[in-house]
Amino acid sequence: MTASATAAAGSAASEIGALSRLIQDANDGGLSYGEMAAKAVDEISGTRLPKQALQKLVRTPPVNPPSVAQMRAIANAIDRPLRHVQEAAAAQWLEYEATELAGYDEEVRIIVGHLAGKSKADLLRWRMMIEADERARRESGE
């Protein structure tokens, strides 16, 4: 007996996983499963996903996530960036929510990484210290 990825992740059976939702949203937006399948090709490996595979990802997702080649094919099928498909697969199968700190240097990423997982009280304390430092700099003319 196999369990769906959403059930395996501890969600209610009626909930749809993040990747399943991306595919369903494309279908709801007017893209048929046949049209998706025609575009569901990974140009690197040649991997293709048939219409039935895309439908299954929505209706009865497998226990294991799609391969990287399959994710590239899905991205092509639904006209979404690969990164969005990877993030959705991570959320659906690994209960991992990806966040990105684009545009920031290494120092900022280190600070954010250090603060991740801190309690709300600790985060509030750090925020107050940073804001106090900014006010002091403004008031002193720096």
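1. Ile130 is partly exposed, because its relative accessible area is 42%, a value between the limits of 20% and 50%.

2. The mean pLDDT of the protein is 85, and 86% of the residues score at least 70. Confidence is highest in helix H3, at 98, and lowest in helix H1 (residues 5–8), at a mean of 43. Over residues 1–14 the pLDDT is below 50, and this stretch has 18 contacts in the model beyond near neighbours in sequence. Where pLDDT is low, the predicted coordinates should not be read in detail.

3. Overall composition. The protein contains 8 helices and 0 strands. Its elements, read from the N terminus, follow the order α-α-α-α-α-α-α-α. Of the 142 residues in the protein, 27% are buried. The protein exposes about 9500 Å², and carbon and sulfur atoms supply 53% of that area. Among contacts between residues at least 6 apart in sequence, 59% join residues at least 24 apart.

4. The nonpolar core. Which residues of the largest nonpolar core touch the most other members? They are Leu19, Ile23, Met36, Leu54, Ile74, Ile78 and Val85, in a core of 23 residues. Helices H2, H3, H4, H5 and H6 are the elements that give two or more residues to this core. H5 gives the most, with 6 residues. As for Leu19, its contacts beyond four places in sequence are Pro66, Ile74, Val85, Ala88, Ala89, Gln92 and Trp93.

5. Helix H5 and its cover. The buried residues of H5 are Ala69, Met71, Ala73, Ile74, Ala75, Ala77 and Ile78. Their cover includes helix H2 (18–28), H3, helix H4 (51–59) and H6.

6. Ala73 as an example. Leaving aside residues up to four places away in sequence, Ala73 touches Lys39, Ala40, Val41, Asp42, Thr47 and Leu49. The C-alpha atoms of Ala73 and Thr47 are separated by 7.0 Å, although the two residues are 26 residues apart along the chain.

7. How many salt bridges does the structure hold? There are 7 salt bridges. One of them joins the side chains of Asp79 and Lys39, with an N to O distance of 2.6 Å. This pair links distant parts of the chain, 40 residues apart: Asp79 lies in the loop between helix H5 (68–78) and helix H6 (82–94), whereas Lys39 lies in helix H3 (residues 33–39). Asp79 is exposed, because its relative accessible area is 55%. Lys39 counts as partly exposed, at 30% relative accessibility.

8. The side chains of Glu87 and Arg83 form a salt bridge, at 3.2 Å from N to O. Both residues lie in helix H6, 4 residues apart, or about one turn of the helix. Glu87 is partly exposed, with a relative accessible area of 27%. Arg83 is also partly exposed, at 40% relative accessibility.

9. Arg125 forms a salt bridge with Asp122, and the closest N and O atoms of the pair are 3.7 Å apart. Why are Arg125 and Asp122 separated by about one helical turn? The reason is that they are 3 residues apart in helix H8. Arg125 is partly exposed, at 44% relative accessibility, and Asp122 is partly exposed as well, with a relative accessible area of 26%.

How values were computed:
Residues are numbered from 1 along each chain as its sequence is written. This is a predicted model: local features need pLDDT of at least 70, side-chain atom pairs count only at pLDDT 80 or more; totals for chains, interfaces and linings use all residues. Side-chain values use heavy atoms; hydrogens and water are left out. Buried means under 20% relative accessible area, exposed over 50%, partly exposed in between (1.4 Å probe, protein chains only). A salt bridge is a side-chain nitrogen of Lys or Arg within 4 Å of a carboxyl oxygen of Asp or Glu. Contact means heavy atoms within 4.5 Å. A nonpolar core is a set of buried Ala, Val, Leu, Ile, Met, Phe, Trp, Tyr and Cys residues joined through side-chain atoms within 4.5 Å. pLDDT is the predictor's confidence in each residue, from 0 to 100. Accessible areas come from the Shrake-Rupley method with a 1.4 Å probe; for residues, only the protein chains shown count as cover.
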